Each structure stands twice: as structure tokens, then as C-alpha cells.
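Reader: I am new to structural models and would like to learn how to read one feature at a time. Could you take me through this one slowly, with the general idea before each case?

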Amino acid sequence: METKTIFKAFFIITTLVSYVYPSLGQEDVDDEPLVNPARKFDTLYATSPASEDYDNYILKNLPPKYKTYIGTCMGKMGYIGVKKCGDDVLKEILTNEPVSRECCMEVVRAGKKCHMAINKLMFRFYQLKRFASQVSFKINDVWNRCSAEVESPSSSDDDTI
């Protein structure tokens, strides 16, 4: 009889704790990539007439001031002309593959508001919107990592001490 009582008490306590701290019962998936890094990244950009219409609708309905702001930010972060850094940031968000220090310097130079605004807009587009609910923390993680990396001296700077 006593074993039954202990089991019931344990079950009730476990249930109550799981309601108060739901994260204890869940696997930590924040470190899992959203996209398999082995997969060709360019396939995410495959478009169809419907997806192009959707993306054009999104862009057309942005407020003019916001479009100007995003354009300025994109210029600061290297999305215009050479878009390598912008693609690398998306790649880090989706596959956890870190961007280079040079790209981090562009991200930090543009500023946190620009970084957040551009990436939130990118995940509104058709090809990336399926990840939108999962990337907020990852966008912020890229910022935190880049700002910490840019603020800390590089390993080559240590040789001059």
C-alpha cells in the first residue's frame, strides 16, 4: 500500500513540475539546424510564378519609409552588389554554419536594428516563411556572436602584445 502512495505522490509532483517548467520535459532543439547543412543551400531560393507574386506583394505593401530604411540597411550589410555576407548570415541562421569575421564586421557596422529588420523581412518571403516562427532567437544569436567576435581582439592582434 505504501508503494502505491509513493508512486502517486511522485506522479503528482512530476506532473506539477512539468506544468511549471515545461522546458524540463522537452529536448533542447535550439542548436539543431533548421536546414541540413549538407543540402545545397541554393535550392531554398527556387521560385515559381506564385512565389514571385507573393514576394512582390510583400514588397509592394511595405510602407515607403520602411522600404527606404531596409534599402539603407541592405547597403550597409552588403546585400546590394556583392550579397555574399547577406547569404552567409541566412546560412548561419538556417544551418548554424558561422559567418566569417569580415561578415560579422559588416553586420555590426550596420547595427542591430538593421540586422534584425533585414532578417525579419527575409523570413517573410515565400521561400523562407516556413522558418519564420523558429528564427527569432537565431537572428539574435547571430547578432550576439558577431558583436562579441568583433569586440574581442582577433588572434592575430594577440601577437603584437
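Reader: Which residues does Val142 touch, not counting residues up to four places away in sequence?

Author: A contact here means heavy atoms within 4.5 Å. By that rule Val142 touches Val89, Glu92, Ile93 and His115, once residues up to four places away in sequence are left aside. Please keep in mind that this is a predicted model, in which local features need pLDDT of at least 70 and side-chain atom pairs count only at pLDDT 80 or more, while totals for chains, interfaces and linings use all residues. Residues are numbered from 1 along each chain as its sequence is written, and side-chain values use heavy atoms, with hydrogens and water left out.

Reader: Is Val142 buried or exposed?

Author: The idea is relative accessible area: buried means under 20%, exposed over 50%, and partly exposed in between, with a 1.4 Å probe and protein chains only. Val142, which is found in helix α7, counts as buried because its relative accessibility is 1%. Val142 and Leu90 are 52 residues apart in sequence, and their C-alpha atoms are 9.6 Å apart in space. For contrast, look at Lys113 in helix α6, which is exposed, with a relative accessible area of 69%. The C-alpha atoms of Lys113 and Cys73 are separated by 8.8 Å, although these residues are 40 apart along the chain.

Reader: How many helices and strands does the protein chain have?

Author: Helices (H or I, at least four residues) and strands (E, at least two) are DSSP runs, numbered from the N terminus. The protein chain has 7 helices and 0 strands. Buried residues make up 30% of its 161 residues. Among its contacts with a separation of 6 or more, 79% join residues 24 or more positions apart.

Reader: At what angle do the axes of α3 and α6 cross, and how should I read such a value?

Author: Axes are lines fitted to C-alpha atoms, for helices over the stretch in contact, and angles run from 0 to 180 degrees between N-to-C directions. Under 35 degrees counts as roughly parallel, over 145 as roughly antiparallel, 65 to 115 as roughly perpendicular, and the rest as oblique. The axes of α3 (residues 64-77) and α6 (residues 112-122) come within 9 Å and cross at roughly 110 degrees, so α3 is roughly perpendicular to α6. On the α3 side the contact includes Tyr66, Tyr69 and Ile70, and on the α6 side it includes Lys113, Cys114 and His115.

Reader: How do the residues of the contact of α3 with α6 divide by class?

Author: Ala, Val, Leu, Ile, Met, Phe, Trp, Tyr, Cys and Pro count as nonpolar, Asp, Glu, Lys and Arg as charged, and the others, Gly among them, as polar. The contact of α3 with α6 has 10 nonpolar, 1 polar and 2 charged residues.

Reader: Which residues of α4 and α6 meet?

Author: Val89, Leu90 and Ile93 in α4 meet His115, Asn119 and Met122 in α6. The class count for this contact is 4 nonpolar, 2 polar and no charged residues.

Reader: What is the phi of Asn96, and where does this residue lie?

Author: Most residues other than glycine have a negative phi, and most peptide bonds are trans. Asn96, however, has a positive phi of about 65 degrees although it is not a glycine. Asn96 lies in the loop between α4 (84-95) and α5, and it counts as partly exposed because its relative accessibility is 31%.

Reader: What is the mean pLDDT of the protein chain?

Author: pLDDT is the predictor's confidence in each residue, from 0 to 100. The mean for the protein chain is 78, and 68% of its residues reach 70 or more. Over residues 155-161 the pLDDT is below 50, and this stretch has 1 contact in the model beyond near neighbours in sequence. Where pLDDT is low, the predicted coordinates should not be read in detail.
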